Amino acid sequence: MSAIKERRERERAQRHQLIITAARELAEAEGWEAVTTRRLAERVEYSQPVLYSHFSGKDAIVRAVAIDGFGELAARLRQARLADPEPLRQALHAVCRAYLEFASERPALYQAMFVMPTDVKFAHAETPPPLRAGFDEFVSCFRPDNARRELFAEVVWSTLHGIAVLSDSGRIPADVQDERLDFLVSRLTDTPD
């Protein structure tokens, strides 16, 4: 590959990431309604046709933001799990807490990942690697000889999603998260396989 072609590909990748970052920042500051190709073009100082050369529209941008978020979430969950790996019960509690903190700190990003319509495949052969990596952090919190560890991970993830959405909307009080996590973790780790 020529040096010019490599430079162009590097610049394109940087532009791509710049658009994703700008969309995330704008969504966190003003909500997803504010994220339009016109606003993004102004923010990144490229024309709308340049944006469309990277993304076919807002849905594609939201998808890219979601996948970016899944990578960030997976890294955060892994860091939490490895910081408190034994016993597995503590690791699960740490991963659950990290998940809820992530959802609370980045509400617009979390919406892109889990609430807004997207064509990102979950539990599928086409599941993006960052999403699978995040799920695997939950799976790793259960013993390897547990034949139902993926099922347990799905239940944990689903429960945490419900807690995150209900807390964010004010439908359940956010100040008893530790009690909820203790309840959830104890039920799953005290259950025979």
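Contacts between residues 24 or more positions apart make up 63% of the chain's contacts with a separation of 6 or more. The model is predicted.

**Exercise 1.** Describe the secondary structure and overall dimensions of the chain.

*Solution.* Start with the elements: there are 9 helices and 0 strands. Their order from the N terminus is α-α-α-α-α-α-α-α-α. Next, take the box along the principal axes: the C-alpha atoms fill roughly 55 × 45 × 30 Å. Finally, burial: 39% of the 193 residues count as buried.

**Exercise 2.** Determine how helix 8 and helix 9 are oriented to each other, and which residues make the contact.

*Solution.* Locate the helices: helix 8 spans residues 149-168 and helix 9 spans residues 177-189. Their axes lie 11 Å apart, at an angle of about 165°. Angles over 145 degrees count as roughly antiparallel. Helix 8 and helix 9 are therefore roughly antiparallel. The crossing is right-handed. Now list the contact. Helix 8 supplies F152, V156, T159, L160, I163 and S167. Helix 9 supplies Q177, R180, L181, L184 and L188. Sort these residues by type: 7 are nonpolar, 3 polar and 1 charged.

Technical notes:
Residues are numbered from 1 along each chain as its sequence is written. This is a predicted model: local features need pLDDT of at least 70, side-chain atom pairs count only at pLDDT 80 or more; totals for chains, interfaces and linings use all residues. Side-chain values use heavy atoms; hydrogens and water are left out. Axes are lines fitted to C-alpha atoms, for helices over the stretch in contact, and angles run from 0 to 180 degrees between N-to-C directions. Helices (H or I, at least four residues) and strands (E, at least two) are DSSP runs, numbered from the N terminus. Angles under 35 degrees count as roughly parallel, over 145 as roughly antiparallel, 65 to 115 as roughly perpendicular and the rest as oblique. A crossing is left-handed if the near helix is turned anticlockwise from the far one by less than a right angle, and right-handed if clockwise. Contact means heavy atoms within 4.5 Å. Ala, Val, Leu, Ile, Met, Phe, Trp, Tyr, Cys and Pro count as nonpolar, Asp, Glu, Lys and Arg as charged, and the others, Gly among them, as polar. Buried means under 20% relative accessible area, exposed over 50%, partly exposed in between (1.4 Å probe, protein chains only).
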